[in-house]
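Please examine the sequence and the structure shown below before reading on.

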Amino acid sequence: MEEMKNSTEAVLEKERNDVVGESTEKRALVESSALVEYISFVRRYPKRIESKLQKDLDMVKSTLEDYGITYRMDPVNCVVVLNVLCTTRARDADLIEKARVLVRLLALDVPASQAITILKGRNWEVMKLGYQKDGLCSQCGTKEHFLEYCIKSTQEFDAGLNRSKEEMKNLTEAVEKKRNDDVVCGSTHNFGHSLMDEDEDSVNFEYVSFTRRYDESIESRLQEYLPMVKSTLEDYGIGYRMEPEVCIIAFYTKRTRDADLIGKAKDILRLLTLAVVAPVAVTILNGRNWEVMGLGYQKGGLCSQFGINKEKFYERLKLLPAIREIGVMLFCNIQIFGHILVVLGPTSCIKAMRKFAKDCIVHGIPPASRIKFVKERKARYEMRKRQEACD
């Protein structure tokens, strides 16, 4: 307990030396801006279909932009990538599922013009024929030579179909003249024995990323703790990067990670952009409680709820930093960033800080009387503990 107290006091001493000052419009925008969440779907494709994907690249890009989806190819690693912007206010689960299916179909050599029709609700199904998981040969115990025979027969059929192409051309033209409906020609896609034996799910990658803007005033602090945050989060399978050119920090991890862990990654991102020092912010990975309290005129802020005028608010805001002393005594961390109060610690401490902040901002009660009360209460508690130890 003594070591925890010393470490807490050391961190808070560093916070006292950082001059945050009054809130600016820019800092208000930092907190009001929504968390930007991207879900990325990545899948490898056979090298032999790369030219076809390159040919359809522009067409697929322009089509998907209408749905808020970005598409790119990475020829070096033979992968196609779809990024779906997925904000907390407007999340289309159906669109996310369709994007996942679309990247799968493109990697399976389905023509792009056909694959993108699933965005309009077209049905689809992928049937596994070989010895991969859930494949027909695996389920029915078919011998391997029989599968090779089927593949060879399919190849011979395709060759014969190509030889008949010219002969069928004239007949097709004649039929099209008599029919008003569109003629949909199905196509057979053969991936070869080696790809069919491979478990298709093993080449599938899905990532989710979270991005937040930070105020330039805390950039040096984020840079200082960058290696520490990276190494800490790598143990949990989370990547972390900082982009000073556009003042953003971002996390990215596999979408299959524990949902609770992804939620904590979002919380850490928010705390870092609110000037909470990194060693304190990452403690929420171990289950530490925290709360962000709006003090000003933002949505849910105390001034917005109780109609406090600006003159009184700025006068009372100057009194608020005194509650940091209470935080030291209660073994919790407190950060005031503009019109926002951040508290990390036990639930009882968070509840007490919420009451102290409300008394100060809404009722104009200085924290000095609260500090005296907490000191007396702590002294009585320590005395009782010493007496119990002596008995």
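Predicted model: local features only at pLDDT ≥ 70, side-chain atom pairs only at ≥ 80, totals over all residues.

Residues are numbered from 1 along each chain as its sequence is written, and side-chain values use heavy atoms, with hydrogens and water left out.

**Nonpolar cores**

A nonpolar core is a set of buried Ala, Val, Leu, Ile, Met, Phe, Trp, Tyr and Cys residues joined through side-chain atoms within 4.5 Å. Buried means under 20% relative accessible area, exposed over 50%, and partly exposed in between, with a 1.4 Å probe and protein chains only. The largest nonpolar core holds 64 residues, of which Tyr 71, Leu 102, Tyr 240, Phe 251 and Leu 272 touch the most other members. Helix H5 (residues 93–107) gives the most to this core, with nine residues; helices are DSSP runs of H or I with at least four residues, numbered from the N terminus. Another core, of 26 residues, lies apart from it and has Ile 336, Leu 341, Ile 361 and Ile 371 among its members. In soluble globular proteins, nonpolar side chains tend to be buried together.

**Helix H16**

In helix H16 (residues 310–317), the buried residues are Phe 313, Arg 316 and Leu 317. These residues lie on the same side of H16 because they cover an arc of only 100° around the axis, the arc being that of the directions from the helix axis to the C-beta atoms. The buried residues of H16 pack against helix H15 (302–306) and helix H18 (347–362), where contact means heavy atoms within 4.5 Å.

**Salt bridges**

A salt bridge is a side-chain nitrogen of Lys or Arg within 4 Å of a carboxyl oxygen of Asp or Glu. By this rule, the count is eight salt bridges. Three of them are listed here.

| Pair | N to O distance |
|---|---|
| Glu 50 and Lys 47 | 3.0 Å |
| Arg 100 and Glu 97 | 2.2 Å |
| Asp 359 and Lys 355 | 3.3 Å |

Glu 50 counts as buried, at 15% relative accessibility, whereas Lys 47 counts as exposed, at 53%. Arg 100 and Glu 97 both lie in helix H5, three residues apart, about one turn of the helix. Asp 359 and Lys 355 both lie in helix H18, four residues apart. Asp 359 is buried, with a relative accessible area of 9%, and Lys 355 is partly exposed, at 45%. Salt bridges that share partners also join Arg 48, Lys 52 and Asp 109 into one network.

Conventions. Helix = DSSP H or I, 4+ residues; strand = E, 2+ residues; numbered from the N terminus.
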